[in-house]
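This briefing covers side-chain interactions and core packing. The sequence and structure come first, and the notes follow by topic.

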Amino acid sequence: LLQAKELGLQVFHAGTTLKDGRVVTSGGRVLSITAVKEDLMTALGEANRGVAAIRFKGATYRRDIGHRGIRLLKQSLGFIYKERCVEAVTSDVLFYQPKGSIVSRTRSGSHSELRGFAGFFDLKASGYDDPILVSQTKGLGPKLQIAQACKRHDTIGQDLVALCVNDILAQGAEPLFFLTYFSCGKLDVKVTEAIKEGIAEACRNAGCAFLGREIAEVTSMYSSGEYDLAGFVVGAVERGQMLLGLQRADEEDVFIGLASSGIHGRAFTIIRKILLVSSLHYSSPAPGSCGDKTLGDVLLTPAKLYSPSLLPVLRSGHVKSFAFIAEEGLLEGISRILPEHVSAVLDALNWKMPEIFCWLYKEGNLSEKEMAQTFNCGIGAVLVVQKELAQHVLRDVQRHEEAWLIGKVVAPCHTGSHIKVENLLEALQLSSPQHLLNNTVVESQQQPRKNKVKVAVLVSGTGTNLAALINYAKEPGSCAQVVLVISSKSGVEELRNAARAGIPTRVIDHKLYGSRSEFDSTIDRVLEEFAVELICLSGFMRILSSPFLRKWKGKILNASPSLFPPIKARNTHQQSLPTGFKVTGCAVHFVLEESCPKAVIHQEPVSVKADDTEEMLSERVKEAECRAFPIALQLVASGAVQLGADGKTCWKQERQSLCLQEEKNDCTSSLVMPEPQENDVV
């Protein structure tokens with residue numbers, strides 16, 4: 001029991017009793033071990049560790065607790081209607097073109113009624129005997145922002161269809177019809193037509209009907225050039241052909257990997273962080289031998305559509321499990337089809353690694369584990385088949401898709417990762433053209449990865465940025481690591497948040513010191529104890545002394561609820577409302593003895609709305625601070641931005657400012673404003 005408690009777990013007694021001063025079992029269910037963590041998977045792992053640490057005669061415990069919940073969370077299936085056939089009816093299916101004409105895309109069994117707003121699909125006419133309907137809905141997330149920054153919209157629709165259709169393929173379902181929802185700030189006919197044509201082409205390739213779309217123009221939510229896009233697909237599979245056994249792999253089974261077309265899904269959040277401090281931007285020539293493509297072109301390559309080529313293979317009965325993993329990291333994607341009682345070994349030398357992954361490995365200063373956790377590494381989908389059938393299935397798949405035998409299912413691994421990827425570094429090396437090879441993998445073999453900059457956050461209980469800084473620093477590609485949180489007050493929520501994240505904390509109460517310099521000297525000693533290199537102030541309510549500021553010049557960052565923080569004014573948001581200004585915001589800047597308007601690192605504008613109250617505006621500015629502060633920290637920690645001897649912010653290279661402007665152009669924070677002069681009124 002002591003071992004479980006040392007792991008930070010809670011132990012609840014049930015079938016126990018006291019006998020001669022000792023806790024003994026009294027039959028039945030003896031103990032319950034509880035772990036509380038940030039996500040279900042981590043909590044389950046910690047609880048299992050605690051259970052394994054407890055031993056007594058005759059002890060047994062279940063190993064399947066929590067796995068149903070994890071499968072439900074990870075399962076991409078939307079809805080399955082099991083008992084009855086459903087005639088699908090959807091809303092708002094008209095295509096609005098410049099002249100108001102109506103276009104319908106048809107497949108056998110589908111039609112649009114001109115006198116209404118519904119699309120109908122005759123399931124019986126599709127040739128199914130006893131069908132089960134399978135549905136999925138998706139968006140594109142950060143990839144949309146890159147498309148808007150690049151002004152490239154022709155591939156987005158194809159991407160959306162492919163992601164939706166590939167997900168229902170995991171259930172063996174054939175796509176029947178597709179609908180989409182498009183919302184924007186101001187309708188741009190060329191943009192909507194480019195997206196529509198991409199969707200229509202992908203639907204033709206997938207063999208499904210494009211029943212229609214709804215377009216919403218919402219000026220209060222989006223700025224000019226911004227839009228959001230979501231797709232919805234419904235497919236069908238015969239009742240006896242459903243692939244519901246998602247985790248049927250056994251030892252000696254083989255993984256067949258299908259090539260991905262590039263990067264998709266959540267990886268774009270990390271890519272935008274890497275690009276912020278990279279030597280390239282979206283309009284730069286793509287790294288490697290990509291011809292005349294730009295980096296933006298490579299990043300916007302749509303996902304492959306596997307349904308037409310894989311449906312016959314999946315329905316052959318030779319495939320035990322299938323997963324579309326292009327949106328996920330390689331490790332997470334494989335884990336979705338891997339039962340707990342087995343492990344997996346993959347060999348990265350068995351498949352072709354696209355060059356873009358080698359560049360990301362170098363630019364992001366990533367480890368092999370971070371690469372496998374974050375990116376698909378060139379694998380878009382995985383099949384699990386019996387060893388004896390592997391070559392036969394592989395030949396069937398290779399008739400239409402680039403595919404390889406990439407690994408096998410092995411006995412469970414009780415130490416380390418459930419999934420092992422061998423030779424990933426060597427595969428990155430082989431995938432790289434010579435000029436990248438010399439600068440990337442060879443160097444990484446000779447030199448250690450760059451250490452993350454150690455950061456301390458100073459708080460007083462009123463800040464809101466600590467969680468954002470901690471989360472950002474934990475992501476792959478981050479150049480910073482939060483190693484310490486210091487509070488001038490005890491018992492504040494930030495200290496508990498830091499402790500939950502495993503970050504050391506210290507309370508240095510200013511009331512216990514006779515002078516400001518004595519208080520600052522104590523903080524300084526603690527910072528040196530933890531070898532801190534950068535300081536972030538998050539609601540820190542003490543004024544730092546001049547000696548402290550001089551020692552840490554160019555190393556202290558603070559966020560202010562004003563676009564120009566050197567201009568001192570109380571009740572900033574209250575003053576913004578009656579002036580009629582359209583924009584306010586926040587700025588992250590270096591903290592100096594004397595404020596300088598040129599010490600700003602990053603600004604995040606916030607639109608002032610007509611119906612705003614002071615509280616509403618203040619809340620949106622706080623949200624902007626949570627976005628801006630991590631970006632500024634990344635810029636400084638990476639060395640892209642530093643404070644010059646004259647007290648002005650200096651960019652390491654001119655192109656970083658261009659990259660940052662591209663990042664601004666794809667979100668509501670786009671704004672170009674002159675720097676304030678001494679006599680300006682703001």
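Glu 193, Lys 196, Glu 197 and Arg 213 are joined in a network of salt bridges, a salt bridge being a side-chain nitrogen of Lys or Arg within 4 Å of a carboxyl oxygen of Asp or Glu. The model is predicted, so local features need pLDDT of at least 70 and side-chain atom pairs count only at pLDDT 80 or more, while totals for chains, interfaces and linings use all residues. Residues are numbered from 1 along each chain as its sequence is written, and side-chain values use heavy atoms, with hydrogens and water left out.

**Salt bridges**

- The whole structure contains 24 salt bridges.
- One of them pairs Lys 138 with Glu 327, with 3.0 Å between the closest N and O atoms.
- Helices (H or I, at least four residues) and strands (E, at least two) are DSSP runs, numbered from the N terminus.
- Lys 138 and Glu 327 are both buried; buried means under 20% relative accessible area, exposed over 50%, and partly exposed in between (1.4 Å probe, protein chains only).
- Arg 152 and Asp 154 form a salt bridge with an N to O distance of 2.5 Å. Asp 154 is partly exposed at 35% relative accessible area, and Arg 152 is partly exposed at 25%.
- Asp 396 and Arg 399 form a salt bridge at 2.4 Å, N to O. Arg 399 is exposed, with a relative accessibility of 60%.

**Nonpolar cores**

- A nonpolar core is a set of buried Ala, Val, Leu, Ile, Met, Phe, Trp, Tyr and Cys residues joined through side-chain atoms within 4.5 Å.
- The largest such core has 108 residues, and Phe 178, Phe 255, Ile 263, Trp 351 and Phe 375 have the most contacts inside it.
- Helix α5 (residues 156–169) supplies the largest share of this core, nine residues.
- At least three residues of this core come from each of domain 2 (92–242) and domain 3 (244–433); the domain bounds come from an automatic or database domain assignment.
- A second, separate core has 44 residues, including Val 482, Leu 495, Val 621 and Leu 633.
- Not counting residues up to four places away in sequence, the residues that Ile 263 touches include Lys 143, Phe 268, Leu 299, Phe 357 and Phe 375. Contact here means heavy atoms within 4.5 Å.

**Aromatic residues**

- There are six aromatic pairs in the structure. Rings of Phe, Tyr and Trp (its six-membered ring) pair if their centres lie within 6.5 Å; planes under 30 degrees apart count as stacked, over 60 as edge-to-face and the rest as tilted.
- Tyr 306 and Phe 324 make an edge-to-face pair, at 6.1 Å centre to centre and 65° between the planes.
- Tyr 306 sits in the loop between α8 (295–299) and α9 (307–314), and Phe 324 in strand β14, 18 residues apart.
- Tyr 306 is buried at 1% relative accessibility, and Phe 324 is buried at 3%.
- Tyr 361, in helix α11 (residues 355–363), is buried at 8% relative accessible area. Tyr 361 and Leu 425 are 64 residues apart in sequence, and their C-alpha atoms are 9.5 Å apart.

**Cysteines**

- The structure has zero disulfides, a disulfide being a pair of cysteine sulfur atoms within 2.5 Å.
- For Cys 208, the closest cysteine sulfur is that of Cys 203, 3.9 Å away and too far for a bond.
- Cys 208 is buried at 6% relative accessible area, and Cys 536 is buried at 0%.
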